[in-house]
Amino acid sequence: MKKAIFAALFCCVSLPLWASEADDAQVNQGEYLARAGDCIACHTAKGGKPFAGGLPMETPIGTVYSTNITPDATGIGSYSFDDFDKAVRHGIGKSGSSLYPAMPYPSYARVSDADMRALYSYFMKGVEPVSEPNKETDIPWPLSMRWPLAIWRGMFAPEVRAYQANENSDPVVSRGAYLVEGLGHCGACHTPRAITMQEKALSANDSPLFLAGSGPLEGWIAKSLRGDHKDGLGSWTEDQLVQFLKTGRNDRTAVFGGMSDVVEHSMQYMSTADLQAIARYLKTLPPADSNDRPHQYDKQVADALWKGDDSKPGASIYIDNCAACHRTDGHGYTRVFPALAGNPVVQTKDATGLINLVLKGGALPSTHAAPSSFTMPGFAWRLSDQEVATVVTFIRTSWGNKGDEVTAGDVNKLRTTELKQTSGSDLGLAEQK
């Protein structure tokens, strides 16, 4: 009898402790999933507090601002799990209005119920409440009316259904597909969109356009993640892809633009097993171009520069401004200054990303696994539109690269739209050269 009473008392004492540990584990899992979904990058304004919203996002109809998703009254503090789920997976706010598809709920529709509950636990119990009212959109009426969004959602948002792997599929690949197509919402940037702004494919089963690269997004190009050698991942090994996601650099290239935030805030915190799953899944995607061929290095330009022959248009500009880091043979310095020869970013059909990088420069983020940070200066103050166009064309057509020519007009368009507000006086000098 005494043993039974003791056992009962033990259970009464240990049950709350066990429940607390279970809650902590769910919150920790939710934090990991929030990292995998890169929630902080969109829901944190520059210089603002984490998840308090206010980050401006440009759309074809105006600017929308990310919302406060902290557990404060001005955020999602009053949200039940059902409210949270409707917003994240269904695109429906607590008020019943449809969310702008800047929130990637078409991708999140694949997230499992268990992961949704873990995310909810984290945002309610693991995130600091911040009192920060949401900002109104800068979209003019009548485009600011919300009811058309319900029609858009009905036409293009998929049914909420957690990702289901095929019975005979590789479990590692299946895990990668779940992360890429769901929480990672990689297609939101890397899949082309229709004129009605929906992604043309939400999974590899939908269309070969999935992750085939998209047009300019805030001045950068989201490259193809398919198996194309010219402008995709065909020339990368699985290990190189894992290294890139973990550190922002590998033997072939280095991260820049919007992808820097993804590596800094999301990918570097993910487990090696999950990064390997993502890499293995991406390596299963065939090239979008059936005629794609591996890059063949051509040493003709390298030999000419070595001999002092800079007669090719753009060669002298390259030597003066680029060769010290990227070398005259285009091979760069491993994991420090990326190679330009055979680099898929250099050969994308749209050269916006490369032009923007030359104009604005970029910084390689410091990560836990690779704490060193390197910066490429911007050359907008130093080079004219024609000089930038000439050197970018030189890079895109040297060492076996197969990129198209860039014009001064292409550069000027980016200079005026992307850089005018940041350094107008310097840019004016460059434009007048």
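Rings of Phe, Tyr and Trp (its six-membered ring) form a pair if their centres lie within 6.5 Å; planes under 30 degrees apart are called stacked, over 60 edge-to-face, and the rest tilted. This is a predicted model, in which local features need pLDDT of at least 70 and side-chain atom pairs count only at pLDDT 80 or more, while totals for chains, interfaces and linings use all residues. Residues are numbered from 1 along each chain as its sequence is written, and side-chain values use heavy atoms, with hydrogens and water left out.

Select Phe51, Phe81, Phe84, Tyr120, Tyr122 and Phe123: they form one aromatic cluster.

By the pairing rule there are 14 aromatic pairs. For one of them, select tryptophan 220 and phenylalanine 256: the ring centres are 5.4 Å apart and the planes stand at 65 degrees, so the pair is edge-to-face. Tryptophan 220 is in strand 4 (residues 220-221) and phenylalanine 256 in the loop between helix 9 (238-247) and helix 10 (258-265), so the pair ties together parts 36 residues apart in sequence. Helices (H or I, at least four residues) and strands (E, at least two) are DSSP runs, numbered from the N terminus. Both tryptophan 220 and phenylalanine 256 are buried (under 20% relative accessible area, with exposed over 50% and partly exposed in between; 1.4 Å probe, protein chains only).

Next, select tyrosine 318 and phenylalanine 394, a tilted pair with 5.3 Å centre to centre and 45 degrees between the planes. Tyrosine 318 is buried, as is phenylalanine 394.

Finally, select tryptophan 147 in helix 6 (residues 147-156). Is tryptophan 147 buried or exposed? Tryptophan 147 is exposed, with a relative accessible area of 54%.
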